[in-house]
Amino acid sequence: MNQDFDSLFKHNIERQHYQIGAEANSTPLQIIIWPTFSGLSDFEKQFADRLAEQGYAVTAIDLYGQGQNPQDLPEKQAKMGALLAEAESLHGLQQELTQQALQGDSPIVHIGFCLGGRLALEAGLHFKETLGAASFHGLMSFYRAQSAELANQDVKLMIMNGYQDPLVNDEDAQSAKQYWSGLGIDFQFFDFGNTVHSFMLPSANNPDHGSLYNPLVAQRGFAYLTDFLAELS
């Protein structure tokens with residue numbers, strides 16, 4: 001890892017992941033939640049609570065560390081850019097945080113929102129121990145595996161995307177689908193009509209910039225996720 005990455009995301013960073021759920025030995029899955037580019041917030045914690053109520057062990061990742069969440073849009077964009085700049089550094093950090101999150105030997109499913117949606121897909125594709133990954137309004141510009149043999153071809157993916165999301169154009173979406181199909185990966189890709197970015201987040205209210213909560217789609221998305229997790233259990 002490079003020194004700039006380490007100073008931002010590793011050195012002197014105190015993290016407090018949010019863990020909830022039944023004893024790991026009694027849960028069919030352990031779920032890891034990756035947050036938006038704003039970092040761990042009440043949204044991810046409340047989502048973890050809902051999944052724990054269904055009997056899963058859940059960890060919402062403290063991506064940036066205590067007191068290190070970026071506050072304004074330029075800072076959020078800059079921190080996200082630094083996080084995603086280099087595949088080896090990103091995946092090394094994700095592996096480290098995943099190991100911190102593990103609560104037992106149950107299979108792992110990664111879930112994420114926005115930036116976290118891409119991180120869930122990264123983990124699903126690159127970490128062989130991942131059973132499934134689900135992305136809500138996630139970015140499609142994830143790192144491809146260096147070879148088919150290095151990819152986790154057994155992973156099952158579910159992608160929930162706003163069809164009018166300005167951060168996911170048709171070319172990016174089609175490229176991702178062709179890539180997964182070429183690897184023989186089992187994926188589901190849902191496009192929600194009349195829906196933009198951040199449709200799961202109750203705080204999203206910036207339609208001029210393509211970000212808006214959609215309560216009906218959020219309800220559908222959670223129902224689809226519930227079915228997906230039941231299939232994996």
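Modeller: C114 lies in the loop between β4 and α5; helices here are DSSP runs of H or I with at least four residues, strands are runs of E with at least two, and both are numbered from the N terminus. The backbone does something to look at here: C114 has a positive phi of about 60 degrees although it is not a glycine. Its relative accessibility is 6%, so C114 counts as buried (buried is under 20% relative accessible area, exposed is over 50%, partly exposed is in between, with a 1.4 Å probe and protein chains only).

Before going on, keep in mind that this is a predicted model, where local features need pLDDT of at least 70, side-chain atom pairs count only at pLDDT 80 or more, and totals for chains, interfaces and linings use all residues. Residues are numbered from 1 along each chain as its sequence is written, and side-chain values use heavy atoms, with hydrogens and water left out.

N194 sits in the loop between β7 and β8 (205–206). With a relative accessible area of 72%, however, N194 is exposed.

Helix α5 covers residues 115–126, and R118 and E122 are 4 residues apart in it, which means about one helical turn between them. Their side chains meet in a salt bridge, at 2.9 Å from N to O (a side-chain nitrogen of Lys or Arg within 4 Å of a carboxyl oxygen of Asp or Glu). Both R118 and E122 are buried. As a rule, an α-helix has 3.6 residues a turn, so residues three or four places apart point the same way.

The structure holds 3 salt bridges. In another of them, D186 pairs with K156, with the closest N and O atoms 3.1 Å apart. That pair ties together distant parts of the chain, 30 residues apart: D186 is in strand β7 (residues 186–192) and K156 in strand β6 (residues 156–162). D186 is partly exposed at 34% relative accessible area, and K156 is partly exposed at 27%.

Then there's K10 with E96, whose closest N and O atoms are 2.4 Å apart. Here, too, distant parts are linked: K10 is in the loop between α1 (3–9) and β1 (18–20), E96 is in helix α4 (residues 87–101), and 86 residues separate them. K10 has a relative accessible area of 26% and is partly exposed; E96 is partly exposed as well, at 32%.

Now for another loop residue. Y64 lies between β3 (57–60) and α3 (73–84), and at 0% relative accessibility it counts as buried. Leaving out residues up to four places away in sequence, Y64 touches several others, among them F9, F37, M80 and L115 (contact means heavy atoms within 4.5 Å). G39 is also on that contact list; the C-alpha atoms of Y64 and G39 are 6.3 Å apart, although the two are 25 residues apart along the chain.

The buried residues of helix α2 (residues 42–52) are F43, E44, F47, A48, L51 and A52. They pack against β1, β2 (30–34), β3, β4, β5 and α7 (215–232).

Out on the exposed side, G182 in helix α6 (residues 170–183) has a relative accessible area of 68%. E149 lies in the loop between β5 (130–136) and β6, and at 62% relative accessibility it counts as exposed.

Last, the whole chain: it has 7 helices and 9 strands, and of its 233 residues, 51% count as buried. Residues 24 or more positions apart make up 73% of the contacts with a separation of 6 or more. Along its principal axes, the C-alpha trace spans about 40 × 40 × 40 Å.
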